[in-house]
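Here is a brief report on a structure.

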Amino acid sequence: MNLVVCVKRVPDTAESEVHIDASGKDIDKSRLSFGINECDNYAVEEAIQIKERLGGTVTVISLGPKENDEVIRMALAKGGDEAIRLEDEAFDGGDGFAVAKALAAAIKGLEFDIVFTGALADDDGYAVVPAALGELLGVPHATYVKKVEILEDGKRAKVGRELEGGLLEFLEIELPCVLGIQTGINEPRYASFKGIKQAAKKEIAIKSAADLGLDPSEVGESGSWAVLEKFTPPVVGEMAEILEGDPEETAAKLAAILKEKGLV
Amino acid sequence: MISFELSEEQRAVQKVAHEFAEREIRPLAAEYDEREEYPEWFVEKAFRAGLTYTYVPEEYGGQGMDFLTACIVNEELSWGCCGFATILGANNLGVTPLLVAGNEEQKRKYLLDLTSRPSLAAMALTEPEAGSDAGAVRTTAVRDGDFYVLNGTKCFISNGGIADLHTVYASTDPSKGTRGLSCFLVPKGTPGLSAGKKERKMGVRASVTSEVILSDCRVPAEDLLGAEGQGFKIAMITLDKARVNVASGSVGIARAALEAALDYARQRIQFGRPIIENQAIQFMLADMDMDVEAGRLLYMKAAWLETKGLPFTREAAMAKTFCSDMAMRVTTDVVQVFGGYGYMRDYPVEKYMRDAKINQIWDGTNQIQRLVMARSLMAR
Ligand SMILES: Cc1cc2nc3c(=O)[nH]c(=O)nc-3n(C[C@H](O)[C@H](O)[C@H](O)COP(=O)(O)OP(=O)(O)OC[C@H]3O[C@@H](n4cnc5c(N)ncnc54)[C@H](O)[C@@H]3O)c2cc1C
Ligand SMILES: Cc1cc2nc3c(=O)[nH]c(=O)nc-3n(C[C@H](O)[C@H](O)[C@H](O)COP(=O)(O)OP(=O)(O)OC[C@H]3O[C@@H](n4cnc5c(N)ncnc54)[C@H](O)[C@@H]3O)c2cc1C
């Protein structure tokens with residue numbers, strides 16, 4: 001089984017205060033720590049587990065600057081075999097669709113049975129890449145995947161998609177395909193020191209837009225359908241109804257609202 | 001000539017250890033502390049994550065980290081919880097005599113087995129009458145044909161009684177004091193080896209500290225480490241490493257405490273503004289930051305000397321003493337920053353203070369470390 005897994009390096013904003021930077025189009029990342037996008041960590045694990053069961057190779061791909069090597073190497077340390085990093089000024093400012101174009105161009109040159117991505121990215125949360133990648137590669141895709149079972153013939157897979165309320169929708173999908181992996185599908189391993197040392201010796205192939213046969217106008221901001229205009233902090237209070245009064249009154253009001261909306 | 005930069009590999013394994021501490025240890029640290037319970041599952045998790053027997057060479061199945069890298073890992077684990085980190089620290093301590101003095105056959109036999117599965121090791125030196133004064137060890141080892149017969153009681157042994165291998169110090173010649181000490185490999189299940197009282201402790205409560213009783217315990221002569229009379233030397237070389245490890249763990253605790261204080265001081269409003277806006281608080285935090293930084297440099301220097309094969313007894317004693325005294329200072333101040341809340345068990349900081357304390361005591365008290373430093377100074 002030839003497996004490809006796409007990983008993104010994102011800032012960890014879970015426990016930090018986030019501020020919009022001077023450009024108004026990004027957050028100030030100077031004090032944030034970075035790591036692999038959470039879903040992608042599960043995608044890496046899923047790919048490696050399938051390789052360990054059925055044999056084959058895992059190729060790790062990431063679009064971004066040299067700093068991304070850190071997350072690529074961690075995936076190699078866990079059991080990835082090869083790595084490609086897409087780096088070019090032309091890729092800057094791209095939306096999910098433009099990123100998917102670059103990834104698709106890199107993946108087209110490979111033999112693959114399954115391409116794994118995370119279901120969505122922790123930073124922009126567009127959840128576009130897996131679907132766009134499927135379309136661009138001309139193969140079926142499934143998103144929010146929380147279970148993968150390769151069927152006997154190795155030509156199809158049974159996948160469980162997570163729906164609202166924890167329901168799983170099962171469907172059969174033909175390989176090759178793209179799967180957007182949801183967190184919780186497995187228990188991601190920790191890279192061992194031995195793995196880390198081996199990964200440090202591996203080469204990461206760097207590819208530019210030209211290497212991928214892409215014209216700069218097709219990718220990055222100019223190749224995007226969506227253009228980011230500006231960030232604004234959420235307006236406090238506008239969407240919220242603040243209940244006033246003493247605790248007994250507010251509790252009664254709250255109970256009435258919950259009943260009215262059919263929530264209790 | 002001087003570089004303070006960690007290698008890419010060191011940074012990667014530091015990150016792994018940090019994530020492991022954050023995900024697997026921190027969420028449960030308070031619970032195991034409160035219940036004073038040994039987390040049975042933990043060593044298996046650590047084994048799967050590649051965090052056991054960190055500096056045992058790869059050829060013996062260990063992780064093959066250089067000593068500095070192993071200390072960096074220990075700092076992160078102790079940042080998670082010093083009690084949990086102690087379980088793995090005692091493992092390293094338990095097998096270090098084997099690394100120091102074991103012959104090829106002993107190393108292959110015991111290390112390959114221990115490193116191939118989730119296992120525990122322990123080093124048993126201390127006795128009720130022999131704490132700082134190792135020469136007062138009363139456990140005896142009497143040669144009987146192809147065996148030694150061990151009799152005595154060890155106390156305060158980390159992983160004691162539950163370990164798969166105990167390295168035990170006993171006197172083969174009580175008339176010679178420290179020069180009569182010898183070190184033996186005593187695997188689990190050896191008749192005559194048993195666990196005594198499990199201690200109830202102030203801190204590091206996830207780690208088992210127990211009496212180990214040797215009662216006509218017959219150990220094959222081939223399980224003597226080195227030669228008769230080399231026990232004290234083996235213990236001292238082992239403890240040099242243990243002391244640097246203690247230093248790194250102390251830095252981990254102090255750092256965790258400082259982070260908690262910084263967060264709290266930003267959030268806590270008194271007199272209409274966050275308490276961090278008072279210079280009195282800022283200066284406490286600044287001193288803590290300086291202390292943690294200095295402590296880290298000291299343990300890293302000592303560990304670096306070890307990796308270069310240079311003498312590091314003096315630096316190990318300095319790092320152990322400075323870092324543990326520092327962690328005690330920092331954690332005490334952190335409780336102060338938290339005010340009354342810091343004194344409550346609902347917040348993590350009183351635990352940091354309790355955990356910090358042990359580091360001034362074990363692996364040679366800080367008074368004994370000052371003796372070591374003074375001796376090295378006077379030998380100039
Ligand atoms: C939680 C825990 C875990 C431990 N784990 C292990 C383990 O795994 N293996 C093991 O072998 N041991 C272990 N120990 C034992 C530990 O190393 C000893 O407690 C330590 O060496 C001190 O010995 P002691 O407790 O007998 O104190 P004592 O030696 O009685 O010391 C009491 C006080 O007198 C001071 N003192 C003693 N002699 C002098 C001197 N000459 N000059 C100045 N001051 C002096 C000491 O500094 C100390 O302040 C552990 C202890 C604890 C508490
Ligand atoms: C076991 C226990 C028993 C108690 N019993 C009683 C009792 O019987 N009755 C009662 O009324 N209270 C009692 N208290 C409350 C106790 O008096 C308070 O905890 C204490 O006054 C500190 O207040 P705080 O905990 O809110 O800390 P905070 O006031 O939040 O202080 C936090 C930190 O900020 C520092 N700080 C605050 N303001 C400034 C400033 N302007 N400049 C510089 N530093 C500042 C403080 O010194 C401290 O280090 C008890 C507390 C405990 C823990």
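This is a predicted model: local features need pLDDT of at least 70, side-chain atom pairs count only at pLDDT 80 or more; totals for chains, interfaces and linings use all residues.

The protein covers 65% of the ligand's accessible area, which is 970 Å² for ligand 1 on its own.

Nitrogen atoms of ligand 1 also take part in polar contacts. B:Thr126 places a polar side-chain atom 2.6 Å from a nitrogen atom of ligand 1. B:Met123 uses its backbone: a polar atom there is 2.8 Å from a nitrogen atom of ligand 1.

## The shell around the ligand

How many residues surround ligand 1? The shell has 18 residues. B:Thr126, B:Ser132, B:Phe156, B:Thr365 and B:Gln367 are the closest. By class, the shell holds nine nonpolar, seven polar and two charged residues.

Which elements of chain B each supply at least two residues of this shell? Strand 3 (147-158) and helix 10 (366-378) do. At the domain level, domain 2 (121-228) and domain 3 (233-378) of chain B each give at least three residues to the shell around ligand 1.

## Domains of chain A

Chain A has its own division. Domain 1 of chain A spans 2-218, and domain 2 of chain A spans 236-264. What distance separates their centres, taken over C-alpha atoms? The centres of domain 1 and domain 2 of chain A are 42 Å apart.

Terms used: Residues are numbered from 1 along each chain as its sequence is written. Chains are lettered from A and ligands numbered from 1 in the order in which they are written. Side-chain values use heavy atoms; hydrogens and water are left out. Domain bounds come from an automatic or database domain assignment. A residue is near a molecule or strand if one of its heavy atoms lies within 4 Å of it. A polar contact is a pair of N or O atoms within 3.5 Å; within protein, one must be able to donate a hydrogen and the other to accept it, and residues adjacent in sequence count only if both atoms are side-chain atoms. Accessible areas come from the Shrake-Rupley method with a 1.4 Å probe; for residues, only the protein chains shown count as cover. Helices (H or I, at least four residues) and strands (E, at least two) are DSSP runs, numbered from the N terminus. Ala, Val, Leu, Ile, Met, Phe, Trp, Tyr, Cys and Pro count as nonpolar, Asp, Glu, Lys and Arg as charged, and the others, Gly among them, as polar.
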